[in-house]
Amino acid sequence: MGRCLGTEPEETIDPGGGWETVKLQQSRLGLIPLVEVHGEVDHSSGRSLHEVTHRALGEGLRLLLDLEHCPYMDSGGVAVLLSLLARVRPQGWLGIVSANSDLRRIFTMVGLTGDGCFRCFQSRQQASDAV
């Protein structure tokens, strides 16, 4: 699948320090801010994810989080998603793109997929078509 228009990176954040396991790349998909996650999201890297996603969301009500290159997320990452949902409710939404089956199962188990403000997309193209 080709790259969707409007997804050129604006900023890459590498928290560094040797103890964090995630690299975050911020861009846009059309008019929607998009944060691409490379690596595992755990309690230590969750802090960086929280900072970057909340900054990307800004005053907006919609955010896409691309998890294609995120093989693992613990409760620290889920807490970030919950905090983002709290910010976008009731008028906006949080979109998850390309999450693997393990992550989708976690999202279901914690009740995220039953939340009308939480959307899952199989690909960036599907997300682009929906927004």
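Predicted model: local features only at pLDDT ≥ 70, side-chain atom pairs only at ≥ 80, totals over all residues.
Residues are numbered from 1 along each chain as its sequence is written, and side-chain values use heavy atoms, with hydrogens and water left out.

Secondary structure elements are DSSP runs numbered from the N terminus, with helices (H or I) of at least four residues and strands (E) of at least two. Two strands are taken to pair if DSSP finds at least two bridges between them. Strand β3 (residues 32-39) runs parallel to β4, the two being joined by 4 bridges; within this pairing, V35 stands opposite L65 of β4. The chain passes from β3 through α1 to β4 in a right-handed β-α-β crossover, a crossover being right-handed if, with the strands pointing away from the viewer, the path from the first strand over the helix to the second runs clockwise. β4 also pairs with β5 in the parallel sense, over 5 bridges, and the bridge partner of L65 in β5 is I96. A right-handed β-α-β unit is made by β4, α2 and β5. Parallel pairing is likewise found for β5 and β6, joined by 4 bridges, with V97 opposite F121 of β6. The crossover from β5 through α3 to β6 is right-handed.

Buried residues (under 20% relative accessible area, with exposed over 50% and partly exposed in between; 1.4 Å probe, protein chains only) of α1 include S48, L49, V52 and L57. The helix is followed by G58, whose phi is positive, near 55 degrees.

Aromatic rings of Phe, Tyr and Trp (its six-membered ring) pair if their centres lie within 6.5 Å, with planes under 30 degrees apart counted as stacked, over 60 as edge-to-face and the rest as tilted. By this rule the count is 2 aromatic pairs. W93 and F121 form an edge-to-face pair, at 6.2 Å centre to centre and 65 degrees between the planes. Because W93 lies in strand β5 (residues 93-97) and F121 in strand β6 (residues 118-121), this pair ties together parts that are 28 residues apart in sequence. W93 is buried at 6% relative accessibility, as is F121 at 9%. F107 and F118 are also edge-to-face, at 5.5 Å and 70 degrees; F107 belongs to helix α3 (residues 101-109) and F118 to β6, so the pair ties together parts that are 11 residues apart in sequence. F107 is buried at 0% relative accessibility, and F118 is buried at 6%.

A disulfide is defined as a pair of cysteine sulfur atoms within 2.5 Å, and the count by this rule is 0. C117 is buried at 10% relative accessibility, whereas C120 is partly exposed at 37%.

M73 is located in the loop between β4 (62-69) and α2 (75-88) and is buried, with a relative accessible area of 3%. Leaving aside neighbours within four places in sequence, the contacts of M73 are V41, L67, V78, L81, L103, I106 and F107, where contact means heavy atoms within 4.5 Å. The C-alpha atoms of M73 and G39 are separated by 9.2 Å, although these residues are 34 residues apart along the chain.
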